[in-house]
Amino acid sequence: MPIEDADGLRRILGYNRVAVVGASTSYEKSAHIVPAYLQRHGYELRPVNPTADEIFGIQAYDSLADVIQPIDIVEIFRPSDEVPGIVEQALDRDDVKAIWMQPGIRNDDAVQKAEANGIEVVQDRCMKVEHGQLIRHPMD
């Protein structure tokens, strides 16, 4: 079952290194707004977008497999039908602790596969919204 309770969400939000699959260079898109917010709140981003060289002032990677730094959370901004392939890439790594699918993104088969391999999953929730509601920061 995907994580939905506040304690579980807080635990996942406590991780620091986020690979953003589908990160966007377009300032008006949620795939830019949400990770930019996370970066302002101290998260280390690893943007994954094969059409960009750099996003948020950080080198962008073509795929999760290309990310050389450690990853705690794979945040997904891609269509639901692409989730199984992204989960497969996450499972090929030994550092991913959680997969977070943004609103409108769901794939129950991929959730089951990730969870069966010890990775926690959040689906159909906004990481920015959950962070804003569950984590308090002095700068807010």
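This is a predicted model: local features need pLDDT of at least 70, side-chain atom pairs count only at pLDDT 80 or more; totals for chains, interfaces and linings use all residues.
Analyst: Two strands count as paired if DSSP finds at least two bridges between them.

User: What makes strand 5 a partner of strand 1, and of strand 6?

Analyst: Strand 1 and strand 5 are linked in the parallel sense by four bridges, with Val-21 opposite Ile-76 in strand 5. Strand 5 and strand 6 also pair in the parallel sense over four bridges, and there Val-74 stands opposite Ile-99 in strand 6. With at least two bridges as the requirement, both count as pairs.

User: Why are both faces of strand 5 called covered?

Analyst: Buried means under 20% relative accessible area. Ile-73 and Glu-75 on one side of strand 5, and Val-74 and Ile-76 on the other, are all buried. In a regular strand the side chains alternate between the two faces of the sheet.

User: Why are helix 1 and helix 5 called roughly perpendicular?

Analyst: Helix 1 (residues 6–13) and helix 5 (residues 127–134) pack at about 105 degrees, with axes 10 Å apart. The class runs from 65 to 115 degrees, and the two helices are therefore roughly perpendicular to each other. Ala-6, Leu-9, Arg-10 and Leu-13 of helix 1 meet Met-127, Glu-130, His-131 and Leu-134 of helix 5. By class, the residues of this contact are five nonpolar, one polar and two charged.

User: Which residues bring helix 2 and helix 5 together?

Analyst: On helix 2 they are Ile-33, Val-34, Tyr-37 and Leu-38, which meet Met-127, Lys-128, His-131 and Gly-132 on helix 5. Five of these residues are nonpolar, two polar and one charged. The axes of the two helices come within 9 Å and cross at roughly 35 degrees.

User: What makes a set of residues a nonpolar core, and which members of the largest one touch the most others?

Analyst: Members must be buried, of a nonpolar type such as Ile or Trp, and joined through side-chain atoms within 4.5 Å. The largest core has 28 residues, of which Ile-12, Ile-73, Trp-100 and Met-127 touch the most other members. Helix 2 supplies the largest share of this core, five residues. Beyond four places in sequence, the contacts of Trp-100 include Leu-9, Ile-12, Ile-73 and Met-127.

User: Why is Phe-56 called buried, and why is Asp-124 called partly exposed?

Analyst: The limit for buried is under 20%, and partly exposed lies between that and 50%. Phe-56, in the loop between strand 3 (54–55) and strand 4 (58–59), has 16% relative accessibility and therefore counts as buried. Asp-124, in the loop between strand 7 and helix 5, is partly exposed at 34%. Phi is near 60 degrees for Phe-56 and for Asp-124.

How values were computed: Residues are numbered from 1 along each chain as its sequence is written. Side-chain values use heavy atoms; hydrogens and water are left out. Axes are lines fitted to C-alpha atoms, for helices over the stretch in contact, and angles run from 0 to 180 degrees between N-to-C directions. Angles under 35 degrees count as roughly parallel, over 145 as roughly antiparallel, 65 to 115 as roughly perpendicular and the rest as oblique. Contact means heavy atoms within 4.5 Å. Ala, Val, Leu, Ile, Met, Phe, Trp, Tyr, Cys and Pro count as nonpolar, Asp, Glu, Lys and Arg as charged, and the others, Gly among them, as polar. Buried means under 20% relative accessible area, exposed over 50%, partly exposed in between (1.4 Å probe, protein chains only).
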